[in-house]
Amino acid sequence: MIKEEKNKEEIKEMNFCPTCNSVVETVIVYSYISKNTVNPDLCGHVTEVLLSKCLKCKNPFLKEKSFQIVEGDEYLNSELQFFPNTENEAIKNCPEIVFNPYKEALKCYRAHAYDACVIMCRKGIEAICIDKGEIKGSLAAKLKNLNSKGILENTLYKWANELRLIGNDGAHSHDQIVNQQDAKEAVDFFDAFITYLYHLVNQYEELIKRRKNQ
């Protein structure tokens, strides 16, 4: 059975740590068990909340595990990580042509393939241009057109152009080294583009509609 709430310093797990950018060993330092839904026959559901820390960088992890209990035996139903949150809910709103390079960029980053990571971010920026109707010309020209149409405001346009240049370094340069920080910032900027164009803009439009109908 799952143990009651206690210090669990001796129990370790493997988790992906975004700070270390690798799968690391984490140690559970505290857990809380809720058994409110377990009947006298030891059947029902149990929720366990775990506080852990990375053994390399010491950053915290917070998880929730849900177990099905059948005659005293436990079966894991689901596991949800609250912190650090490595999922961006806004990504779900973007089209597949944009989501696929974003997903591949993350995979490359976590595999320490930083050249490949920035190349996928550049591909993702080009996918955004295509999705927004810019299908002809160089990427630089496509971005400039989106800026002139007001789809990319000036700050986002500058970010996109920098991502284009970093992606070019990853694809073509043998002198310019793409390091972890370059790749991390490229993914963060790409994430920001998706959040703005496919989430915040939609939220703003829904806000305006709702206020007009009040």
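This is a predicted model: local features need pLDDT of at least 70, side-chain atom pairs count only at pLDDT 80 or more; totals for chains, interfaces and linings use all residues.
1. Let's start with histidine 112. Histidine 112 sits in the loop between α1 (96-110) and α2 (114-131). Its backbone deserves a look too: phi is near 65°, a positive value in a residue other than glycine.

2. Lysine 58 is another residue to check for its backbone angle. Although lysine 58 is not a glycine, its phi is positive, at about 70°. Where would you look for lysine 58? Go to the loop between β3 (44-54) and β4 (60-70).

3. Now for the aromatic rings. In general, two numbers describe a pair of aromatic rings: the distance of the centres and the angle of the planes. How many aromatic pairs are there in this model? The count comes to three. One of them joins tyrosine 109 and tyrosine 114, whose ring centres are 5.8 Å apart and whose planes meet at 50°, so this pair is tilted.

4. Which parts of the chain does the pair link? Tryptophan 159 belongs to helix α4 (residues 154-172) and phenylalanine 189 to helix α5 (residues 180-212), so the pair links distant parts of the chain, 30 residues apart. Tryptophan 159 is partly exposed, at 32% relative accessibility. Phenylalanine 189 is partly exposed as well, with a relative accessible area of 26%.

5. Tyr30, Tyr32, Leu51, Leu62, Leu80, Phe82 and Phe83 make a nonpolar surface patch of about 650 Å². Which strand gives the largest share of this patch? That is β5, with three residues. Both β2 (22-34) and β5 supply at least two residues each. Leucine 62, one of the patch members, lies in strand β4. With a relative accessible area of 31%, leucine 62 is partly exposed. Why can leucine 62 belong to a patch at that value? Patch residues need over 30% relative accessible area, so leucine 62, at 31%, passes that limit.

6. Asp41, Glu71, Asp73 and Glu74 gather on the surface as a patch of negative charge. Glutamate 74 is part of strand β5 (residues 73-83), and its relative accessibility of 32% makes it partly exposed.

7. One last stop in strand β5 is serine 78. Serine 78 is partly exposed, with a relative accessible area of 38%. How far is serine 78 from threonine 47 in sequence and in space? They are 31 residues apart in sequence, and their C-alpha atoms are 9.7 Å apart in space.

Notes:
Residues are numbered from 1 along each chain as its sequence is written. Side-chain values use heavy atoms; hydrogens and water are left out. Patches are made of residues with over 30% relative accessible area and no salt bridge: like charges are joined within 9 Å, nonpolar side chains (Val, Leu, Ile, Met, Phe, Trp, Tyr) within 5 Å. Accessible areas come from the Shrake-Rupley method with a 1.4 Å probe; for residues, only the protein chains shown count as cover. A salt bridge is a side-chain nitrogen of Lys or Arg within 4 Å of a carboxyl oxygen of Asp or Glu. Lys and Arg count as positive and Asp and Glu as negative; His and the chain ends are not counted. The place of a charge is taken as NZ of Lys, CZ of Arg, CG of Asp or CD of Glu. Helices (H or I, at least four residues) and strands (E, at least two) are DSSP runs, numbered from the N terminus. Buried means under 20% relative accessible area, exposed over 50%, partly exposed in between (1.4 Å probe, protein chains only). Rings of Phe, Tyr and Trp (its six-membered ring) pair if their centres lie within 6.5 Å; planes under 30 degrees apart count as stacked, over 60 as edge-to-face and the rest as tilted.
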